[in-house]
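Try each task yourself before you read the solution.

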Amino acid sequence: MNPLSKTNIVSLCFLFCSQLWHKNKASTFETSYPEHLSVQCIHKPQGIEIELHKLSLKLFRLDLILFLVSQVLKPVPEVCQKPIAMYKKIQTKLRVPHMIVTYTWIFPFVWNGTHTLLGETHLRLTLFLRYPAASSENNLGRMHLAVVACGERLEETLTMLKSAVLFRQKPLHFHIFAEDQLHDKFKGTSCTSFSYTIYPITFPTENVGVWKKLFKPCASQRLFLPLILKEVDSLLYVDTDILFLRPMDDIWAFLEEFNHTQIAAMAPEHEEPRIGWYNRFARHPYYGKTGVNSGVMLMNMTRIRKQYFKNDMTAAQLKWEDLLLPLLKKYKLNITWGDQDLLNIVFHYNPESLFVFPCQWNYRPDHCMYGSNCKEAEEEGIFILHGNRGVYHDEKQPAFRAIYEAIRDYTFGEDPIRFLLHPLEDNLQKTVNTYCGRIHQVFTKQLKKSVRTFHSKIIRGR
């Protein structure tokens, strides 16, 4: 069996598919190649999708396949570099400019630097090459973050905004929805590193009182953001009790991973069904096994505005603006968590429209107060902290409160290692007698990296 040559593989991927890329033609190219390697190139509105599928070979040159990956992905993933022997499926998505690379191996193999030695091996490699995007505010790099502040939420909101600004890399615009009495207080907080717009709380005239009081004051405002911010293509909505421990840029990048059916992204409400709320108590449909939490919600609002949604009220699919009120009328006596419950109902009937990101992007007390149950946070740290249940302001979860107070008390321009990270680490040591405090290292694992990067920027700017 002759091994595949580098020229053959690269030619199949790039020479044939470049015709579609450069001419932007609505066409498909598909071919089979010796050694059961099939290649398919499909034109899509956003770019060219290239899929290689190599089936059931006893022996082939894995180093040549890795060569192909290395052409579009540098550095080569660590899993491809180390000698390994395992039986498992590896599937990874990686983002590079104008490209998404998805590669899957299903294999038993031993890597000796040249080729596989054992058993049946399957390889599927998909590359999606994006056309250069048309000029728009989002594509020029500006991120959009929305928050709704009512009642006694001013300090909490400002602390959330500070955490977003501290670590962000791209330009950031805040959309702040607030009660009238809070507008003047927000206007005194402008900063050169971000822009913002303040809006009044706005609900549909029909049932305005019901919408405003649904669950928490004004919380259901998030449901109407696609209809209010009509000029905004994509948006990250967060509750006021959110803290960014990693640049917002990284969660914003999930927009590039949405497939053609997905319009929004949220994290599961629970990782452990035994302590889940929806699967034990809900009196209405909900998404997946344990529902989703809407405290961190990434939205492609252009898609939301265009989509027709399946539902259990009519055989006809409804647009977003026509769906919300009938949904409220049908379920208002059965919902507990307000707008979050309505979103769970929507995505129960439209599961293909939701992208689910891991729990470390919406880490709440439930992930540690009954024992640690967010494996991604244990491995990589917490990326976004969600202090629901008022834990930033009481003594129930002192680890959460320590993070909040460290960011709240930090002053821009100070050394973030000395005045943010070190005091925080000292305070977290005092929480080790609590369930969440016992794993206090997950609270700072990612934050340390973010703070050091921010500190380097300060040094370079002097």
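Before the first exercise, some conventions: axes are lines fitted to C-alpha atoms, for helices over the stretch in contact, and angles run from 0 to 180 degrees between N-to-C directions. Helices (H or I, at least four residues) and strands (E, at least two) are DSSP runs, numbered from the N terminus. The model is predicted, so local features need pLDDT of at least 70 and side-chain atom pairs count only at pLDDT 80 or more, while totals for chains, interfaces and linings use all residues. Residues are numbered from 1 along each chain as its sequence is written, and side-chain values use heavy atoms, with hydrogens and water left out.

**Exercise 1.** Work out how helix H4 and helix H14 pack, and which residues make the contact.

*Step 1.* Find H4 at residues 154-167 and H14 at residues 398-409; their axes are 9 Å apart and meet at an angle of about 75°.

*Step 2.* That angle makes H4 roughly perpendicular to H14 (under 35 degrees is roughly parallel, over 145 roughly antiparallel, 65 to 115 roughly perpendicular, and the rest oblique).

*Step 3.* Now list the contact (heavy atoms within 4.5 Å): H4 brings Glu155, Glu156, Thr159, Lys162, Ser163 and Leu166, and H14 brings Tyr404, Ile407 and Arg408.

*Step 4.* Sort them by class: three nonpolar, two polar and four charged. Here Ala, Val, Leu, Ile, Met, Phe, Trp, Tyr, Cys and Pro count as nonpolar, Asp, Glu, Lys and Arg as charged, and the others, Gly among them, as polar.

**Exercise 2.** Repeat the analysis for helix H11 and helix H12.

*Step 1.* H11 spans residues 320-331 and H12 spans residues 339-349, packed at about 115° with axes 10 Å apart.

*Step 2.* H11 is therefore roughly perpendicular to H12.

*Step 3.* On the H11 side you'll find Trp320, Leu323, Leu327, Leu328 and Tyr331, facing Leu342, Leu343, Ile345, Val346 and Tyr349 of H12.

*Step 4.* The class tally for this contact is 10 nonpolar, no polar and no charged residues.

**Exercise 3.** How many disulfides are there, and where do their cysteines sit?

*Step 1.* Search for cysteine sulfur pairs within 2.5 Å, the cut-off for a disulfide; the count comes to two.

*Step 2.* One is cysteine 359 with cysteine 374, with sulfur atoms 2.0 Å apart. Its 95° about the S-S bond makes the link right-handed. Both cysteines lie in the loop between strand S16 (354-356) and helix H13 (375-380), so the pair ties together parts 15 residues apart in sequence.

*Step 3.* Cysteine 368 and cysteine 436 form a disulfide too, with sulfur atoms 2.0 Å apart. The torsion about this S-S bond is about 85°, so this disulfide is right-handed. Cysteine 368 is in the loop between S16 and H13, and cysteine 436 is in the loop between helix H15 (416-428) and helix H16 (441-461), 68 residues away.

**Exercise 4.** Are cysteine 436 and glutamate 379 buried or exposed?

*Step 1.* Set the cut-offs: buried is under 20% relative accessible area, exposed over 50%, and partly exposed in between (1.4 Å probe, protein chains only).

*Step 2.* Cysteine 436 has 0% relative accessibility, so it counts as buried.

*Step 3.* Glutamate 379, in helix H13, has a relative accessible area of 61%, so it is exposed.
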